[in-house]
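Here are my notes on the model you sent over. Have it open while you go through the points.

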Amino acid sequence: MSKKWAIVTGASSGIGKEFCYQLAGEYNLVLIARSEGKLIELKNEFEHHHLNQCLVLPLDLSQTDSARECLQFIQKHELKIQMLVNNAGLGHHSLFVEEEFATFQNMIHLNITALTELTHLFGQHMLAHGLESFIINVASTASFIQVPKYSVYCATKFYVRQLSEIIAYELRDTNISVSCVCPGATDTSFMQNMGKEVPQNKQWALMSPKEVVKEALTKTSQKKTTIVTGNLNKFQIILNRFVPKKLMMSLSGKVIDSSLK
Ligand SMILES: NC(=O)c1ccc[n+]([C@@H]2O[C@H](COP(=O)([O-])OP(=O)(O)OC[C@H]3O[C@@H](n4cnc5c(N)ncnc54)[C@H](OP(=O)(O)O)[C@@H]3O)[C@@H](O)[C@H]2O)c1
């Protein structure tokens, strides 16, 4: 029997690339990100080891119409997508009023608009083909916790969690399962892309992409809706329920400030 097909956005590095590695046994992959060279390298690696078929779609998801372009690509190749991993995302660390609005606009387009449109288009596509399917939206522990200097990022991830949890409920009697994965600090280039670095003595707190994705996929297969990865992160989310909001905000701001170079 031929393999099922999955789409992974942000497949060129970090958590998205790890999703590709861990899905490769069961799925053929459509790899999406802007860095075409890195996607081709990954495709060659998979095909060299005869793991699966791969298609590369270099796309800037912060551009209008990118989600539709993705659907057209799938239709052109006559694929039935049974797994969508909406993983591409970026953050920014600065005081809200001190940053250019364009930075936030770009983040909102990638973290919210593209993810929503892809979920919508492929939700309809999955309903139409009727096979068992999964949508995984990558949010963050920042979807629970309010962190100063991460205002727009936290707000975008709160949106992703809300959207995913409601759609999961709406689709509960269908063949589509929706999960929202909430990693905490993870060892990827996410911080460097914000021009920040986690100092050596704080790196113990980072999870590896491998651990994050393993837990995410195990719990997705059990049809869990909200998946906070790692015990330290789960503890943080529980603590957040009991500590007064302003105190938690002040604490989380201090922890993040002291954790970044
Ligand atoms: N690392 C953490 O600490 C952490 C914690 C919680 C949640 N997360 C979430 O995890 C997800 C993955 O992040 P990561 O940690 O793996 O970071 P990463 O290593 O920086 O990966 C980000 C991925 O998104 C892609 N991407 C960025 N902008 C894009 C655009 N405009 N169009 C298409 N693709 C784009 C990047 O590829 P190109 O540059 O090639 O386009 C890259 O593949 C994000 O949603 C992030 O918010 C990360």
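1. Lys-149 sits in the loop between strand 5 (133–138) and helix 5 (151–170); helices (H or I, at least four residues) and strands (E, at least two) are DSSP runs, numbered from the N terminus. Its phi is near 75 degrees, a positive value in a residue other than glycine. For background, most residues other than glycine have a negative phi. Lys-149 is partly exposed because 17 other C-beta atoms lie within 10 Å; the scheme calls a residue buried at 20 or more such atoms within 10 Å, exposed at 12 or fewer, and partly exposed in between, with C-beta atoms placed from the backbone.

2. A word on what you're looking at: this is a predicted model, where local features need pLDDT of at least 70, side-chain atom pairs count only at pLDDT 80 or more, and totals for chains, interfaces and linings use all residues. Residues are numbered from 1 along each chain as its sequence is written.

3. Lys-223 also deserves a look. This residue is in the loop between helix 7 and strand 7 (226–228), and has a positive phi of about 60 degrees although it is not a glycine. Lys-223 counts as exposed because it has 12 C-beta neighbours inside 10 Å.

4. How do helix 4 and helix 5 lie relative to each other, parallel or antiparallel? Their axes come within 10 Å and cross at roughly 10 degrees; axes are lines fitted to C-alpha atoms, for helices over the stretch in contact, and angles run from 0 to 180 degrees between N-to-C directions. The two helices are therefore roughly parallel (angles under 35 degrees count as roughly parallel, over 145 as roughly antiparallel, 65 to 115 as roughly perpendicular and the rest as oblique). On the helix 4 side the contact includes Phe-104, Met-107 and Ile-108, and these belong to a set that meets residues of helix 5 including Val-152, Tyr-153 and Thr-156; contact means C-beta atoms, placed from the backbone, within 7 Å. By class, this contact has 11 nonpolar, 4 polar and no charged residues (Ala, Val, Leu, Ile, Met, Phe, Trp, Tyr, Cys and Pro count as nonpolar, Asp, Glu, Lys and Arg as charged, and the others, Gly among them, as polar).

5. Now two residues of helix 4. Met-126 is found in helix 4 (residues 101–129) and counts as buried, with 24 C-beta neighbours inside 10 Å. Leaving out residues up to four places away in sequence, Met-126 touches Ile-81, Ser-133 and Ile-176. Met-126 and Ile-176 are 50 residues apart in sequence, yet 7.2 Å apart in space, C-alpha to C-alpha. Ala-128 is in helix 4 too, but is exposed, with 8 other C-beta atoms within 10 Å.

6. Helix 1 (residues 14–23) packs with helix 7 (residues 209–221) at an angle of about 55 degrees, and their axes are 9 Å apart. That makes the pair oblique. Among the residues making the contact are Ile-15 and Phe-19 of helix 1 and Val-213 and Leu-217 of helix 7. By class there are 6 nonpolar, 2 polar and 3 charged residues.

7. The largest nonpolar core has 54 residues, and Ala-6, Val-8, Leu-29, Leu-31 and Ile-32 have the most contacts inside it; a nonpolar core is a set of buried Ala, Val, Leu, Ile, Met, Phe, Trp, Tyr and Cys residues joined through C-beta atoms within 7 Å. Another core, of 8 residues, lies apart from it and includes Ile-145 and Tyr-150.

Key
Two residues are in contact if their C-beta atoms, placed from the backbone, lie within 7 Å.
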